Amino acid sequence: MSVIKKIFIISFFLILISCQADKTYILVEPGKVEINKIYSVNTNMKWSQFQEREYNFLFWTVDGYTLQRIVFFKPLEDGQSLFDYDSLFTKENEKRPTFNSKMNKFEIKEFFESCIIWSREFTSFETTDIKNHKIGETEGVSFDIKAQNELGLNYKGFAVVGIKNNKLYSIYFIATEMEFYDRYKKEAEEIISSVKIL
Amino acid sequence: MKKIFLFIIIFLGSCATPIGGAKKVEDIKPQETPSIESIEAGLWMQMNNYEEKLKTSGSRLKDKDLEKYLKNILCKLTIEYCKDIRVYVQDIPYFNAFMAPNGMMVVWTGLLLRAQNEAQLAAVIGHEAGHYIKRHSLKSWLDAKSRTDLMAILAIGLSVGGIPGAGDIFNVTQLLQAGFMAKHSRDNEREADKVGLNFLINAEYDPGEAPKIWENIIKEMELGEANKPLSFLASHPAPEERIKNLKKQTKEYENIKNKKNTKELKEKIHPHLKKWIKNEIRLKNKPEQTEFVLEKTFEDKKNDYLLKFYKGEIYRLIGVKEEENNYDKAIDYYDESIKAKNDFPDVYRELGLLQLKIEKNEEAKKNLKKYLKLSKNPQDAAIIESYLN
């Protein structure tokens, strides 16, 4: 085998290994959990946590991302968006919704909704029932979510968002309306109401 | 690898044998279905699969009444083909409609927002029905093959041929969305226009509305980003030429006052209007372009307060950009909305919240209080009150 062939094969395996290293699932045990030194939360049950280096969010799930998840976003600064990667369908960076720390409570909800729509994960996505909500000591809002994906699967959920030191903190829970929303709603409510910004 | 490639080409060549590139394609007859061994049957099969998915897709608008209304327009245009064509509405905020060879017609909500009356909508539906009757998808396929466009043949052949796994690479959805199946030659477009126009005249719609919808689209395109044509235009060539032809053909009918049915269309789309406008604004097109779309939507002037309110929304959402303060423009439009109708609650809420942002606190509080008074215990009262205290 020539040297070039050997180099090629070794490089190929190295690329494969490096790809794998980016995607990690870790087990979250019940109790108090610190998330990336950004949030502190309490959970009564086990979750699988998924985090990929290039995304500015991580999520917890039990049965899988498409069935139920709690998503924790890293804090956003002015000009940033919830999804920084280029959507496959909308590679128009200039049209990406961007955060502005002067947004009022309604505009934060509007921004959150626009970002999820921009990501094109759901074919319909609506937020309703906006209420005042405190994330720890941080003033913010909560609202309900209704969504549907391309296959016609219905989802329900809720989100909390708030601004602290000009940065946007956001967390949401979403699950399939059939089966999983009702099963994990109470647990998700308890987790989200226990969130403190560190 | 070379052998596989050669096999695919031979396979595709054999697929085309029953019809052959040069053979004349007749119009499809009412209630006709293609023979099972034909290429057309393969196209139908793929489209039937796509249609099954579309029926339960989350992107299909949940409004059977609106789909029934569009189907009725189609049946007014052509009773003969009424049974053969199914009309679906997809909730996508761009101007587009397309016709699949199996009789599946899809209209996007962006087109419904832009049609000013039923006659304009009928012009598009009639045009798309023309593509079906004249079998333009099959003609395009054969034309692509006769030009030995290797990539096109591979793309379509792999989808139609049903080679396992290949459909994932070039699936029919992608083909449709890329406009390939809907992309027709200029001759096909002219032919579909002619069929559509005859339908329009026979159904006693105002034929003068047919060129108008295209004129509006051209104007909108000019106001927007010139290098990004609207999706429909990406697959339908030369709107200027189309307008010229349509005007020429409708000249002899210009003194006939046929129906436009503006009210009928507006009533049907009314339940969705707020959401569609919000989605239109969210596209972040150039503000002049969005303003133009809204002006056409509210052209009857009956709801001028809404036109002004939504124009205000365009500029509020842009905010401060490149040293241009759009908040002042937004406030001007909100004020005009109030002048047109002084008891529309939403405008007081948006105006008040915007005034808070630019620290006009006294005026802001006055407007937010007015919002609470007019909307009578709104669901967001607690949040508004948090801004008042």
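Author: Helix axes are lines fitted to C-alpha atoms over the stretch in contact, and angles run from 0 to 180 degrees between N-to-C directions. Helices (H or I, at least four residues) and strands (E, at least two) are DSSP runs, numbered from the N terminus. The model is predicted: local features need pLDDT of at least 70, side-chain atom pairs count only at pLDDT 80 or more, and totals for chains, interfaces and linings use all residues. Residues are numbered from 1 along each chain as its sequence is written, and chains are lettered from A and ligands numbered from 1 in the order in which they are written.

Reader: At what angle do helix 11 and helix 15 of chain B pack?

Author: Angles under 35 degrees count as roughly parallel, over 145 as roughly antiparallel, 65 to 115 as roughly perpendicular and the rest as oblique. Helix 11 of chain B and helix 15 (residues 287-297) of chain B pack at about 155 degrees, their axes 8 Å apart. They are therefore roughly antiparallel.

Reader: Which residues make the contact between helix 11 and helix 15 of chain B?

Author: Two residues are in contact if their C-beta atoms, placed from the backbone, lie within 7 Å. Helix 11 of chain B uses B:Asn216, B:Lys219, B:Glu220 and B:Leu223. Helix 15 of chain B uses B:Glu288, B:Gln289, B:Phe292, B:Val293 and B:Lys296.

Reader: How do the residues of this contact divide by class?

Author: Ala, Val, Leu, Ile, Met, Phe, Trp, Tyr, Cys and Pro count as nonpolar, Asp, Glu, Lys and Arg as charged, and the others, Gly among them, as polar. Here there are three nonpolar, two polar and four charged residues.

Reader: Where do the domains of chain B lie?

Author: Domain bounds come from an automatic or database domain assignment. In chain B, domain 1 is 2-21 + 32-253 and domain 2 is 271-388. Their contact takes eleven residues from domain 1 of chain B and 14 residues from domain 2 of chain B. On the domain 1 side, helix 4 (109-114) and helix 11 (209-223) of chain B each give two or more residues. Helix 11 of chain B gives the largest share of that side, four residues.

Reader: How many residues does the contact between chain B and chain A take?

Author: That contact takes 16 residues from chain B and 21 residues from chain A. Helix 18 (345-357) and helix 20 (381-388) of chain B each give two or more residues to the chain B side. By class, that side has four nonpolar, seven polar and five charged residues.

Reader: How many helices and strands does chain B have?

Author: Chain B has 20 helices and five strands.
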